[in-house]
Amino acid sequence: MTEPGPDPQEPREDSAGSGPRVAVVAVHGVADQAPGATVHALAALLTVRPPEGVQYRDATCDCLLLQVPVLEGCVPAACDPDDRPSAMKALRQSLRSDFQRTGWLDASARGQAEDRAKAQHYQSTVRSAHAAKGMATQAPGDPLKGEPDAGIAFTDYLLFKAQRGKAATEHVEGHRIRITREDEAVRTTQRVDLHEMYWADLSRLSSALPTILTELFTILFRLSKLARDTIDQARHAADAAGAPAGIRQRWARLSWLQTALDWSFAHLLSNLFLQALLLGTFIVVMSALNEDPRGETARSVQTMLAVGLPALAFWWLVYRHVRTAVGRVLLFLLAVAAGFALKAFAAPWLLGVAVLAVLSLLCDAGLTLADRRFVSTRQIGLAFLAASLGTLATVMLWFSPKEDLWIWWTAAALRAFELMLMGTYVWWIIAAALLVPWTWYGVRQAGLGDAARASVATARLGLFVSVTSFTAVGMVIWAAGHQVLERAAGKWGYRPWLFDLQFEVSADVWGFQHRAADMVRALPAESFLTLRYVYSTATFFLVAMLLLALVAYVLVTLLPSVLAELQRSVGTAGNLGRWLTGGYQRLEDFIALLAIASALATTYIGGVYLVDLLRLVEPFTAADLKQAISGTGFASQSLLAPFVIGSVSALGALTLFGRTLSKYAPWLRAPLDAMLDVDNYLREFPRNAIPRARIFARYVALLEHLKRDGASRIVIVSHSQGTVITADLLRYLTYRAMRDPTSRAGQLGQWLQDIEVHLFTAGSPLRQLYAARFPDLYHWVRTGPVLDQLGIDKWTNAFAAGDYVGRWIWEPASPRAVHQSAFYAPGAAALDESPRKDLCVGAGAHTHYFDADSALVARCVDELIRS
């Protein structure tokens, strides 16, 4: 007898049987997501907007607790033989990343060349497996070419450094939604498990003001460092490709200039500013203590110090060292004697030393925090701190005070302030000399091709934004506090050391007037600071104009997209897409013009500072100097006021309403979140918490869970930065499966090849951002991603016409097509070559792909889920 077949009128289980056979992994984008938000939005979209004839129902939610061990790399340890911390090693790492310096790329290239035959055999096996599954295959690619694959090598480098840095094993809670898919056409019921790959907590910007400020300053310096690394990578790529000697020599010189400008900016100019800020704060605090008419404040603080310091020293020594009763009694008597001595000692000495100690500790805490992100920052910063304190000590101890002791503290601080200001002047003069050849070599190298042009544009943009933004912030801080500082300095006579002769200037320009002969002898301390403020900020107009020009260009380009992000009417999808495309295509030319303008402006700034520094009175009269700088001086003073008001208002709003703004107006911080995501993903410090290594470890732990759970098909639905994370990880796992299939990563890569892996990406910045700004690390995107290199069977990429982060993945066949309205029509396919697909979902921006009305996205995801 034969068993009766299934009733055709009754729904039947999918032929794959019970249990989790289809797993959907949702990977979120910009790291401001709440846990579970993305997977719930995707489940809601499939439930509310399923394709015709399909229903998703019976969703249940639970959580998984996954152990996340460190994912190991595979590059030989010979690339980094000495990982012991030392001052010289840190200094070398601050000049050039170990990735470029230790031959990592060369070792990776040798390993890839040795495995070439293995790779070809592996890809042949993969294509045969695809054919057996009835899957269309793309033209085969070869990820193990003779030249180094910089993207894979960089991932290996970060994983290896994280392993050497003893990154800790983590535990992470993952959200899962079990849902049933019913297809009325074929009468099947299919169980689908939706999992979330959550990484926002590794890159999220806190709503607390101190964290926001810390990350803002970090990004300012990181942009310059990313620019330096991009030029280093371009130089190495030219060497590996065997470029002509002249080209390689120009790359080497451009790399040297980029490194010199970046390193001196991040380690010298920043520390000069930090010490000037510390000394200014010291003057203000000492003045506040001295200005109490009855002296009660100073006496109260002195009493607290006289009691607290000996008591604290007594407790610490008893706790750690002194064990006998006699020793403790003697120590107590010594502490009492020290307290009486401190109480009887001159208040200005004790208070001055105490204030300096507190400020020095705060400075060291800031340097320690910065050192976690920028290696060797602390050791160089401490040298600058020692110079400031050494100048103060020299003035206080070597030169006997002839005025009031409180005034002498201020005079000593002004001497050190002069020294830091002199260093700032010298930095700008040298930077002006370096920027001229830097601009020239950049113009020469940009003509070598699209990749070289992109690398040079990244170098220009990173250095320009970092230096101009930092300069603007520094000048705004000085403008906001200079009046307080001048009042604190007082009207007593002060004779400068380094700026002992000033030009006579008109009262209607600067607000006061002194004769040059008088200034040779002495001038009021507050007038000296006023002059320094005037001359130092006279060129702010140029810095502000250059920065505002870039901001204006970006705003004009992105304004329609921002309106679309707010779901306002912006016309047709064609208008939106063509406007954004045109703006991006002209961006590199605009950056080139800004680079040239910046070199000219810096030359002018350096010239003004040089004249002021060398006090070239003979060739110039006071009227000549006034005419030379009065125009920019007037404009600078008029611009600084609104900058100060705007900055103070923004800080106040962030302080009072930071959490509210993050909750109800997240688009206000979206640009900062996006920059932080990109920066975090490329960071290599701190070694024990490298963000990419931690994100990959979580992703691998989730995939290994799906492997143990018996998934036969994986559909990865990723958005924005999540698409980059996914693509890089899949490429890396495929590479490891070829190179060392017995390793943990290799076994997982082999399993992914044995099952079906489908990829859906939305708003992917792979081409529009990463390949455009880091062309050597993402060369595989510029040449067109090959599915075999990622170990996937299907890839559908969706984009909105006005998505300012990412749109198409594969280069359109006709470059002119991107300027046609039909290219951006809803559902229009920029590429439809199975198993690859690029399609536009119509008008829109970057953050609404998984909204409840996104029927086209739901249809695309369902196509990848169904058998």
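The secondary structure of this predicted model comprises 29 helices and twelve strands, taken as DSSP runs numbered from the N terminus, with helices being H or I of at least four residues and strands being E of at least two. Residues are numbered from 1 along each chain as its sequence is written. Because the model is predicted, local features need pLDDT of at least 70 and side-chain atom pairs count only at pLDDT 80 or more, while totals for chains, interfaces and linings use all residues; side-chain values use heavy atoms, without hydrogens and water.

Of the 867 residues, 55% count as buried; buried means under 20% relative accessible area, exposed over 50%, and partly exposed in between (1.4 Å probe, protein chains only). The protein exposes about 37,200 Å², of which carbon and sulfur atoms supply 63%; accessible areas come from the Shrake-Rupley method with a 1.4 Å probe, and for residues only the protein chains shown count as cover. Among contacts between residues at least 6 apart in sequence, 82% join residues at least 24 apart, a contact being heavy atoms within 4.5 Å.

**Salt bridges**

Side chains of opposite charge can pair when their charged atoms come close. A salt bridge is defined here as a side-chain nitrogen of Lys or Arg within 4 Å of a carboxyl oxygen of Asp or Glu, and the count by this rule comes to 35.

| Pair | N to O distance |
|---|---|
| D862 and R181 | 2.8 Å |
| E811 and R767 | 2.9 Å |
| R415 and E418 | 3.9 Å |

The salt bridge between D862 and R181 links distant parts of the chain: D862 belongs to helix 29 (residues 855-865) and R181 to strand 4 (residues 170-183), 681 residues apart. D862 counts as buried, at 1% relative accessibility, and R181 likewise counts as buried, at 2%.

R767 is buried, with a relative accessible area of 12%.

R415 and E418 are separated by about one helical turn, because they stand three residues apart in helix 13 (residues 405-446). Both residues are buried. Elsewhere, a network of salt bridges links K89, D98, K161, E684 and R687.

**Individual residues**

E196 lies in strand 5 (residues 188-197). This residue is buried yet has no salt bridge, the nearest side chain of opposite charge being that of R698, 9.0 Å away; Lys and Arg count as positive and Asp and Glu as negative, whereas His and the chain ends are not counted. A polar atom of the E196 side chain lies 2.6 Å from the backbone nitrogen of G36. Beyond neighbours within four places in sequence, the contacts of E196 include A34, P35, G36, H175 and L702.

R736 is found in helix 24 (residues 721-739) and is buried, with a relative accessible area of 3%. Its contacts, leaving aside neighbours within four places in sequence, include E72, D156 and S743. The C-alpha atoms of R736 and I152 are separated by 9.7 Å, although the two residues are 584 apart along the chain.

**Surface patch**

V326, V329, L330, F332, L333, V336 and F340 make a nonpolar surface patch of about 710 Å². Patches consist of residues with over 30% relative accessible area and no salt bridge, like charges being joined within 9 Å and nonpolar side chains (Val, Leu, Ile, Met, Phe, Trp, Tyr) within 5 Å. L330 lies in helix 10 (residues 325-344) and is exposed, with a relative accessible area of 54%.

Methods:
A polar contact is a pair of N or O atoms within 3.5 Å; within protein, one must be able to donate a hydrogen and the other to accept it, and residues adjacent in sequence count only if both atoms are side-chain atoms.
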